[in-house]
Amino acid sequence: MARIIPVLTLILAVATARVAKSESPKEVLAQINKDSFGNSVLSVLQLQLATGGPVGEIQILLNNIASQLNGDQKKADKVHESDTVAFEKIIADLEQEIAYHQSQIVALSNLRDSTTDALGEAEVEVRVVTSDIANNEKSFADESATRQSQHETWVRKDAEHVDQMDAIDEASKIVQHLQAGVAFAQLKSRFEKVQSKLMESKHALFKPLINALTQLASKVDNKSIIKILELLAQIRQQLVASRASLLATEERQAANWEVQSSHLQEEHKRLVERKAFLENSIVQFKVTIQEAVEDLEDQTLFLEDAEDSLAIQQRWAAEQEAQYEAQTFEREQQLEVVERLQEVLTQKVSAASEFLQIREEVF
């Protein structure tokens, strides 16, 4: 009996591929008989029937085979279900990983592009700011030189006014001495010295005074002295007013320069700070771009790996599914053959017996 089980199993595989359901019991047995293993089984069946052995034992064997096929299918279904759940989880994880890498690639690409644009703008601006700093420094130097020239002019003119006023004061003293009766001869050297100073100034204001003093040197009279003293007083008053005007101009220019220089210095400080900020930003932009490019390369590799893994998993799943379907189909065919053999052996025993008798006569 143990010998019949494996033989029947092999016969089922042969019958699955060769037997059509529409064939008669004799045709079914004839198909099985054509195979060497089937021939061996049918020989055993023929012996079993010839010796009067019960057909029920063969039926039990077929029932066992059917039970084994059904058990194998249940196990295969359970494994398939488990594999399907695991596969779906792996696929979902890989698809999530792919989506993550894709989003990272988009974000990094945007970061690289926007930072590249910002870098270009910063490089243009830093050139403009550098030019602005140079212009600011030139303006400060030019305005400072102008202010220095203004101040030096004021110092020179103020000194001239002081000298002129000293000369006017000295002339007033000389004329007053003459008015007091001092001989001109005693004052001559002082007079000539003052006269020389007034003439050196070449100021139009002093021309009438120089003429009057020249006349006084030749002829001293009280009327001329009074006239000269009045003229000296007027000239000194004009010099004081002129000096005051020059001082006011100097103070106004100094105040203007104070404001202007402060503005230029503040602007220079702002420009220098802006340039430093831009230069630091440029360095950071370049670092960010480099890191984004490197991260893009990594994310691209990660994406390719994930896509390859997904393709491998999908191929594996397809192969497993095809194998599962093929094995299921094979078991279904085998079960169908078992049912047909059971039908032949139980419901149509006479046909089987008849075939076996014919087989003995023919084969």
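The model is predicted: local features need pLDDT of at least 70 and side-chain atom pairs pLDDT 80 or more, whereas totals for chains, interfaces and linings use all residues. Residues are numbered from 1 along each chain as its sequence is written, and side-chain values use heavy atoms, with hydrogens and water left out.

**Fold**
- The protein chain holds eight helices and zero strands (DSSP runs, helices being H or I of at least four residues and strands E of at least two, numbered from the N terminus).
- Of the 363 residues in the protein chain, 31% are buried (buried means under 20% relative accessible area, exposed over 50%, partly exposed in between; 1.4 Å probe, protein chains only).

**Salt bridges**
- The structure has 10 salt bridges (a side-chain nitrogen of Lys or Arg within 4 Å of a carboxyl oxygen of Asp or Glu).
- Asp142 and Lys138 form one of them, at 2.9 Å from N to O; they are four residues apart in helix α4 (residues 55-179), so about one helical turn separates them.
- Lys138 is exposed at 53% relative accessibility, whereas Asp142 is partly exposed at 36%.
- Arg270 pairs with Glu267, their closest N and O atoms being 2.8 Å apart, and these residues lie three apart in helix α7.

**Negative patch**
- Glu97, Glu304, Asp305, Glu307 and Asp308 form a negative surface patch (residues with over 30% relative accessible area and no salt bridge, like charges being joined within 9 Å and nonpolar side chains (Val, Leu, Ile, Met, Phe, Trp, Tyr) within 5 Å).
- Helix α7 (residues 222-346) supplies the largest share of the patch, four residues.
- Asp305 lies in helix α7 and is partly exposed, at 46% relative accessibility.

Notes
Areas by Shrake-Rupley, 256 points an atom, 1.4 Å probe, with all protein chains shown as cover. Lys, Arg positive; Asp, Glu negative; His and termini not counted. Charge placed at Lys NZ, Arg CZ, Asp CG, Glu CD.
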